[in-house]
Amino acid sequence: MAEDSDKEDRTEAPSGRKLEQAREEGNVPRSRELSTFAVTMGGLVLLMSTGGGVYNTLAEGMKAWFTFDQESLRDPSVMLERMRQTVQDNLLSLAPLLGGLVLIAALTPLLIGGWNFTSKAFSPNFGKMNPFSGIKRLFSVSAAAEGLKAIVKSGLIGGVATLVIWNERMELMGLVSMPLEAGLFKLVSLMEHTFLLVTGGMLLLVLMDVPFQLWQYTKNLRMTKEELKQEYKQQEGSPEVKGRIRQLQREAARRRMMQEIPNANVIVTNPTHYAVAFRYDEAMAAPVLIAKGSLKVAERIIASGKEHRIAIMRAPSFARALYFNVELGDQIPSQLYTAAAQVLAYIHQLKHFEQHGGMAPAFPDQLDVPAELDPESKRQQHTPPKT
């Protein structure tokens, strides 16, 4: 009952990976009827086209083989050489027929399943020795189909053969009144015609068997929805595992970011929602963002900056613009050069004041930050005034 329920659940077409695994295990669609028809029909056509030459070669060989003269009676090696030459000529005459049959047998599987060679097909499978499995296969749909094909094949071939022979009965009866050589030629011609029609009758069986084998092959490989999900997880990665990997990557990036904070010139804050840190020296074309974060991460950036005595400056619009428009390791955009210069100049003046005294620098509360780079400014521009 469990197996029947499992089969009912297999409603999904096999995936590409499932088909690939089946081929790796030597499981490919095959039609024995197609192979039998192709080899039989091909062999018959080749025999009809090369039969005359083969017959003449065999006849000449037999004639030479059983011809005795004084030389062959005196020297047995002459007879052995004739025998060797006769066998060689006979094999050469049969080579096109045998080679054609081998080629047809090798190329026919390409029509539905293609060539497939795998070592797994040679490995022992003790499950096939289970008598219960064998009994189960006897009563399967595949076994029923094979039995039906055998009945149809016997009836079809026997019926066609009977019909052809019945239609040629008068010609067959007339052979007894014909000279021997002409009668043999006529008999061979009738046999070729009969076998050609009988073999052609197998084409109907082939047209029935090939679609059935392809349908049966796909049916046996069908999958359940759960199997498709599991295969997708194996190929693409489990969402839980991928999420964990992304989390570890973010943590590693955050650790590297926190390690860069001691190299910063200044940390700009929102003051608590966002915090960004950038550094600049004369060798750089523009300041580079080395850390950024919001909420808890911003608090950690600020705490690390205090620990390493990095200047911390409250500039909400500038902090938001850097946070939303610049990625870690990137230079700040040219639209923010002026604001960055104002901040760096203030930090430099502040350090000079702390070390040498004098007049305290004025805090740059109006930084040159374009409104399109600050989400808060854009939101205020699009908010209608209250009435």
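View 1. With a relative accessible area of 53%, Lys225 counts as exposed, a label for residues over 50%, while buried means under 20% and partly exposed covers what is in between (1.4 Å probe, protein chains only). Keep in mind that this is a predicted model, where local features need pLDDT of at least 70, side-chain atom pairs count only at pLDDT 80 or more, and totals for chains, interfaces and linings use all residues. Residues are numbered from 1 along each chain as its sequence is written, and side-chain values use heavy atoms, leaving out hydrogens and water. You'll find Lys225 in helix α10, residues 225–236. Helices (H or I, at least four residues) and strands (E, at least two) are DSSP runs, numbered from the N terminus. Setting aside neighbours within four places in sequence, Lys225 is in contact with Thr11 and Glu12; contact here means heavy atoms within 4.5 Å. Lys225 and Arg10 sit 215 residues apart in sequence, yet their C-alpha atoms are 7.5 Å apart in space.

**View 2. Pro364 is a buried residue in a loop.** The loop in question runs between α14 and α15 (375–382). Pro364 has 17% relative accessibility, so Pro364 counts as buried. Not counting residues up to four places away in sequence, Pro364 touches Met313, Gln342 and Tyr346. Ala345 is 19 residues from Pro364 along the chain, and their C-alpha atoms are separated by 9.6 Å.

**View 3. Four strands make an open sheet.** Read across the sheet and the order is β3-β2-β1-β4, with mixed pairing. β3 (288–294) and β4 (311–314) are at the edges with a single partner strand each, so one side of each has no neighbour in the sheet. From one strand to the next, the twist averages 20°. Two strands count as paired if DSSP finds at least two bridges between them. β3 is mostly covered, with six of its seven residues buried.

View 4. Helix α13 (residues 316–325) lies across β1, β2, β3 and β4, and runs at about 75° to β2. Helix α14 (residues 337–356) lies across β1, β2 and β4, at about 130° to β4. For these angles, axes are lines fitted to C-alpha atoms, for helices over the stretch in contact, and the angles run from 0 to 180 degrees between N-to-C directions.

View 5. A cavity is a set of points, on a 1 Å grid over the protein atoms alone, where a 1.4 Å probe fits but cannot get out, and lining residues have an atom within 4 Å of a point. Which residues line the largest cavity? They are Arg30, Ser31, Leu34, Ser35, Thr108, Pro109 and Ile112. The lining divides into three nonpolar, three polar and one charged.

Key
On a 1 Å grid over the protein atoms alone, a cavity is a set of points where a 1.4 Å probe fits but cannot get out, and a pocket is an open set with protein on both sides within 12 Å along at least five of seven lines; lining residues have an atom within 4 Å of a point. Ala, Val, Leu, Ile, Met, Phe, Trp, Tyr, Cys and Pro count as nonpolar, Asp, Glu, Lys and Arg as charged, and the others, Gly among them, as polar.
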